[in-house]
Amino acid sequence: RDLHRLIRRQRQMCIRDSVEIPEDALPGDYEFAVHAEGEYSASEITLKVTVESLPTKYEVDFYSPHGWQVTTPGKNLTFNLYLENKCPKRDDYLIYVDNPSLPENWTARFLMDDREIKSFSVPSGGIANIAMIVKVPENALPGDYRFRVHVDGNYAKATQGLTVTVKEIKRGFTLFCPFSSKSILIGQDVSYAVCVTNEGERSEEVILEVVPSEETLDWEISLSENNLILAPKESRWIMLRVKPPETVKEDTYTIVVNGTTADDKLNSTLRLTTTILASYLLEITDIQPVNPHVYSGEKINIMVTVRNLGQSVLTRVRLNVNSTAIPNILVTPLDVLVLEPKASITFNVRVSTDPNFTPGDYFIQIEAESSEVKSSVRTVAVSVSSSIPWFWISIGIAVIATAAMMIVLQKVISKYGMHLRIRRHRAA
């Protein structure tokens, strides 16, 4: 009745019919009629409902048992991924990282049976084991990084989120020498054992060099190794060899060894000291002739041998000859620039006498001297004789005088009638 009144007012009306389909309804077509009856007329309409079966839902199980790992810059890490195809059919999958993707400069590879893959196929009910290798760059900053791995199949898809925590890596290396101070004699060389230790948690390439100084610029200093690649906590011994020049002065010298990593981010310095000790001993070992003799107005050469009996090199070796009575003395050579240990040099001392020299012994003092040390003083007596042979002259005069006396005596005897008889006596 109410519907009839409404239709009379509006002449038409839309009616919505709600049909509830039970869950156990079988698939198929269902028809039903809707009747409308009025006072003067009636109407009927047939409606059709098609019930379809629910679409089949395919599933895939994709997961990682360890979705969070901690690492340090420059290392690789591996995530193990497992996929189980729960579809009734074989499915082909694409595998990739996206939303969010890998951080900048990071790389990832997917391996199955030790072969790199970008897609794979799994039969119904099959299981795939996938290794995801992620390379963390050396310049990665500490922090948490998240990304997601997707597998898209023809029938099903899945995703797995992964997290990597990068912690700050500890770095450092040291240079150590157990005997950093040594003493040597001039002319000797010395070696230092240096230990290089990587105290960090990553491999380091260490570059070693000797820092030159003005004092050691002409020294021969070398390292047995200049470039070292050290694993974490690894130590290695190298040798530093030092050979000072033989003309080095007695003093204490500093040698600096500097170590730097290949990226110039770490540095270490080692200071070594070398004390140079001198062993100087200079002596006159021979003088020839032993008893020099010269006539007045003439010259004589005296050979003087000087020997370096010490362990150090001597420089500017010369001979000092002094005499208060003989002014004209010449020494050659004037000096010797370098005299090695245990080496000898012979000087020629030429002594020239004046013609007016009174015969006798004249003394000269000889001393060897270098820039570093002096020898003991040797005294040599030079015998000077007169250039006139008075000895033979006196003998001749004596003979002449004896002969003259015999002549005079003979004349006297002849004059006075005296005869001189000389008798020879035989020995018994």
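**Charges, contacts and backbone in a predicted model**

Glutamate 215 sits in the loop that runs between strand E16 (204-211) and strand E17 (220-223), where strands, like helices, are DSSP runs numbered from the N terminus (helices H or I of at least four residues, strands E of at least two). The model is a predicted one, in which local features need pLDDT of at least 70 and side-chain atom pairs count only at pLDDT 80 or more, while totals for chains, interfaces and linings use all residues. Residues are numbered from 1 along each chain as its sequence is written, and side-chain values use heavy atoms, with hydrogens and water left out.

Glu215 belongs to a negative surface patch, which is formed by Glu214, Glu215, Glu250 and Asp251. Such patches are made of residues with over 30% relative accessible area and no salt bridge, like charges being joined within 9 Å and nonpolar side chains (Val, Leu, Ile, Met, Phe, Trp, Tyr) within 5 Å. Asp and Glu count as negative and Lys and Arg as positive, whereas His and the chain ends are not counted; the place of a charge is taken as NZ of Lys, CZ of Arg, CG of Asp or CD of Glu. The accessible areas come from the Shrake-Rupley method with a 1.4 Å probe, and for residues only the protein chains shown count as cover.

Side chains of opposite charge can pair when their charged atoms come close. The structure holds 10 salt bridges, a salt bridge being a side-chain nitrogen of Lys or Arg within 4 Å of a carboxyl oxygen of Asp or Glu. In one of them, arginine 171 pairs with glutamate 204, and the closest N and O atoms are 2.6 Å apart. Because arginine 171 lies in the loop between strand E12 (157-166) and strand E13 (173-176) while glutamate 204 lies in strand E16, this pair ties together parts that are 33 residues apart in sequence. The two partners can also be described by their accessibility, for which buried means under 20% relative accessible area, exposed over 50%, and partly exposed in between (1.4 Å probe, protein chains only). Arginine 171 is partly exposed at 22%, whereas glutamate 204 counts as buried at 4%.

A further salt bridge links arginine 318 and glutamate 369, with a distance of 3.3 Å from N to O. Arginine 318 is in strand E25 (residues 314-322) and glutamate 369 in strand E29 (residues 360-369), so the pair ties together parts that are 51 residues apart in sequence. Here arginine 318 is partly exposed at 26% relative accessibility, and glutamate 369 is buried with a relative accessible area of 14%. Elsewhere, salt bridges that share partners join Glu138, Arg171, Arg202, Glu204 and Asp263 into one network. Glutamate 234 also forms a salt bridge, in this case with arginine 236, and the closest N and O atoms are 3.4 Å apart; glutamate 234 is partly exposed at 26%, and arginine 236 is partly exposed at 24%.

Two buried residues show how contacts can be followed through the model. Threonine 71, in strand E4 (residues 68-71), counts as buried at 8% relative accessibility. Leaving out residues up to four places away in sequence, threonine 71 touches Leu77, Val136, Val164, Thr165, Val166 and Lys167, contact meaning heavy atoms within 4.5 Å. Alanine 140, placed in the loop between strand E10 (127-135) and strand E11 (143-153), counts as buried at 11%. Apart from its neighbours within four places in sequence, alanine 140 is in contact with Pro73, Trp106, Tyr145 and Val166. Alanine 140 and aspartate 361 are 96 Å apart in space, C-alpha to C-alpha, and 221 residues apart in sequence.

The backbone deserves attention as well. Most residues other than glycine have a negative phi, and most peptide bonds are trans. Asparagine 105 is found in the loop between E6 and E7; although not a glycine, asparagine 105 has a positive phi of about 75 degrees, and it is exposed with a relative accessible area of 53%. Aspartate 114, in the loop between E7 and strand E8 (115-117), has a positive phi near 65 degrees and is exposed at 76%. Another cis peptide bond joins glutamine 288 and proline 289, with omega about -5 degrees, and proline 289 is found in the loop between strand E22 (282-288) and strand E23 (293-295).
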